[in-house]
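Have a look at the picture first, and then we will go through some of its parts together.

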Amino acid sequence: MLKSMVQSLWKNPGLRRFDGPLTELLQRQPVDGAGQIPVSLVPSEMIETVCGFCSTGCGLQVHRRGGQPVNITPARGYPVNLGMACPKGWEALAPLKAADRGVMPLLRTEKGGPRETLGWDEAVDVFVEKVRGLKERYGEESCAFIWTGQMPTEEIAMLGTVFKVGMGFVHGDSNTRQCMATTHVAYRESLGFDAPPFSYRDFEESDLLIFVGANPCIAHPILWQRVLMNRRNPWIVVIDPRRTETASAAQQHIAVNPRGDLGLLYGLAKAVIDAGGVCSEYVRDHTEGYEAFAEFLEDFTPERVAEACGVSAEVIRGLAERISRTERVSFWWTMGVNQGYEAVRTAQAIINLALMTGNMGRPGTGANSITGQCNAMGSRLFAMTGTLPAGRDFGSPADRGFTADWLGVDPARIPERKSLEYDRILEGVESGRIRGLWIIATNPAHSWIGRRALRELLGKLEFLVVQDLFADTETAELADLYLPAAGWGEKAGTFINSERRISYTAKVAEPPGGALPDFEIFRRIGLHWGGCPWLEAWTEPEAVFQALQEASKGKPCDHSGVQGYADLREQGGIQWPYPNGSHPGEGERRLFEDGRFFRENGRALFCFEAPAPNPEAVDAAYPLVLITGRGSSAEWHTGTRTSRSAVLRALSGMADRVEMHPEDARKRGLRSGQRVVVESRRGKMEGTLCEEVGVGRGRIFIPMHDGEVNRLTLAAFDPYSRQPSYKACAVEVRAAG
Ligand code: SF4
């Protein structure tokens, strides 16, 4: 009988793919006398979703019993992760179940006073009254928002339209400024649109993979698994100041000096020319500006750049030879490039290498930026920050007219200028131009560069609202009004991953207490404020998704051919572009196979500029360069969610470890395990010394997850993307106590 019950249960399509303990449970537990299945054996259901941490966008299966999520397994048939997940994915349910979730709004009526609980109607009243008061007193620039690339696109679009068009404010930016602003600007200028050209299959189809400032073993572990699935016997090169986990696993590690990458890439381009590696036909037919670039490179011979970048001319010429004679070369970059003071030009130097060698639009090629957060791309496309929806221009009357029609409002209500960037919003707080700030699902009091200054700044605000899962993050604790939000798994929507795949993220649990989905919070505020006619139709995430499909029509990110959420679930996500009339089964798709780019003339542009000096060079007082980065695959950003998992805490190791080369440690009389003080011109922190050859002489490394590390960092920014330069400030280390 038991066997037949298992067989009958197995006919349930949800159970067929169940990887959990049900079968084992059925075999162990008796069926009761009446032949009924005991409650403990109530069939589980499985809901497919995508992970809400990094931009890999892994498919996960959430197993539920009695309507409650009880387990997670990676989705075996999902085209991204093929049945794999990193520790964060396996533990994604932990923050949902945390006992200390925020469950009701909290209001602090006096600065420094206690917080009192209030109901949602009252909280929305307070929000609208305070913000309206600031607008009436100080104008349309008086309030701003800062949100995250962790929210579904539908919520991001809801926030942008409500705040900027409905409420009539100008400024709002995202923590994607900290990770992907550089890529956005670099692709837009070079290729005509913020369009990562690759699909993950390119990891498997490349003959030479060059990772610049990227450590996928730690930051994108499933993508590294895709690299390991490459059967072409590829040569893997890592350009990184540190011998990271990825560098250790690669065939070649090029230990460039911190921020020596731009000079190195120009030296490499010059050496490619010298090696005869330029694909003249591709350059002639599909690009613009090569002659000027080649002339510019005359000053960047490998011999001239060698000292500044810390890489010998011989190594540079050797890599150039390899690039020149390899059929399929792919270039990959992430935060080591993006978080620099000349990051856009560095990213474009990588794009230039791919263009000049014709490594675009073919299998296993590309200038490929790996995204950070799970929905940084949704944020880049639909937040109304740097562009109007789907990459339209604030400065274009036609684009503003389209947006006005799309929302059903007068064109005069569409802002004519883009938002101030994150750092300039904070400058606005400093100067008094911005009096109210609404921070959503991000924790800048921990993560923003130059943390001490930021905490002081937030204290200057007349009204600080923080909307998050927890009321005790470093930022939420400073809030005048705290709004409890639902997290990943407690709401539905879509994410867009690194390879442009739009995927459905499912609701698998109810939010605790009075916590609400951000979608619902934004909508309530918009309705209470008034003047948001589109909200009549934008009643649920899928309705917003349809509106975004409309907005995408005719743009490079056109996905008007998607037949609703059901289609996304059925196909395992769909990469844009997917215009009306597209058909399933077109598989993983890369861009630019026809050599036509998104610039008006269809040609990609070579962009370049001479390297600039580091804004803070080392000196006798601060002789070491501080590099920050991901510490382990078990940690995520400021730990708001991952710290709620005992498993991830156990896996993550010491967040405050200070990695230093043994010779540098010996010079200072330090040894592993000792408590040390790290000091920059801006502040100091304590940590535990960890002698590590791989960090290189003259450098130290501290994981970005440590709550104190941004006391040290220097608030320097790329001039084009305004992305903070987290990775190269000057410090000294001494024994603590
Ligand atoms: Fe996959 Fe990234 Fe989630 Fe890990 S964190 S399971 S790599 S999407």
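## Starting at a pair of strands

Arg501 belongs to strand S18 (residues 501-505), which pairs with S19 in the antiparallel sense over 2 bridges. Two strands count as paired if DSSP finds at least two bridges between them. The names come from DSSP too: helices (H or I, at least four residues) and strands (E, at least two) are DSSP runs, numbered from the N terminus.

Before going on, a word about what you are viewing. This is a predicted model, where local features need pLDDT of at least 70 and side-chain atom pairs count only at pLDDT 80 or more, while totals for chains, interfaces and linings use all residues. Residues are numbered from 1 along each chain as its sequence is written, and side-chain values use heavy atoms, with hydrogens and water left out.

## Two open sheets

The strands S17, S18 and S19 form an open sheet in the order S17-S18-S19, with antiparallel pairing. Strand S17 (493-496) and strand S19 (574-575) are at the edges with a single partner strand each, so one side of each has no neighbour in the sheet. Helix H26 (residues 564-571) packs on this sheet and touches S17, S18 and S19. The direction of H26 makes about 105° with that of S18. Such axes are lines fitted to C-alpha atoms, for helices over the stretch in contact, and angles run from 0 to 180 degrees between N-to-C directions.

Another open sheet has 3 strands in the order S1-S2-S3, and its pairing is antiparallel. Here strand S1 (45-50) and strand S3 (68-74) are the edge strands, each with a single partner, so one side of each is left without a neighbour in the sheet. From one strand to the next, the twist averages 30°. Strand S2 (residues 59-65) pairs with S3 in the antiparallel sense over 6 bridges, and Val62 has Ile72 in S3 as its bridge partner. What holds such strands together? Strands of a sheet pair through backbone hydrogen bonds, either parallel or antiparallel.

## An enclosed strand

Is strand S6 buried or exposed? In S6 (residues 143-147), 5 of the 5 residues are buried, so the strand is largely enclosed by the rest of the structure. Buried means under 20% relative accessible area, exposed over 50%, and partly exposed in between (1.4 Å probe, protein chains only). Cys143, Phe145 and Trp147 point one way from S6, while Ala144 and Ile146 point the other way.

S6 pairs in the parallel sense over 4 bridges with strand S14 (residues 436-440), where Gly436 stands opposite Cys143. S6 also pairs in the parallel sense over 4 bridges with strand S7 (residues 171-174), and there Asp173 is the bridge partner of Ile146. The chain crosses from S6 through helix H6 (residues 153-166) to S7, in a β-α-β crossover that is right-handed. A crossover is right-handed if, with the strands pointing away from the viewer, the path from the first strand over the helix to the second runs clockwise.

## Helices that meet

Helix H25 (residues 541-552) has 12 residues and reaches 16 Å from its first C-alpha to its last, close to the 16 Å expected at 1.5 Å a residue. That expected span is 1.5 Å times one less than the number of residues. H25 is mostly covered, with 9 of its 12 residues buried. Just after H25, Gly554 takes a positive phi of about 80°.

How do H6 and H25 cross? Their axes come within 9 Å and cross at roughly 75°. That makes H6 roughly perpendicular to H25 (angles under 35 degrees count as roughly parallel, over 145 as roughly antiparallel, 65 to 115 as roughly perpendicular and the rest as oblique). The contact (heavy atoms within 4.5 Å) is made by Thr153, Glu154 and Ala157 of H6 and Pro541, Val544, Phe545 and Leu548 of H25. The buried residues of helix H20 pack against H6 and H25 as well.

## Two buried residues

Ser142 lies in the loop between helix H5 (120-138) and S6, and it is buried, with a relative accessible area of 0%. Among the residues that Ser142 touches are Leu134, Phe169 and Arg435.

Ala269 sits in helix H12 (residues 261-274) and is buried too, with a relative accessible area of 1%. Not counting residues up to four places away in sequence, Ala269 touches Phe293, Leu297, Leu353 and Met356.
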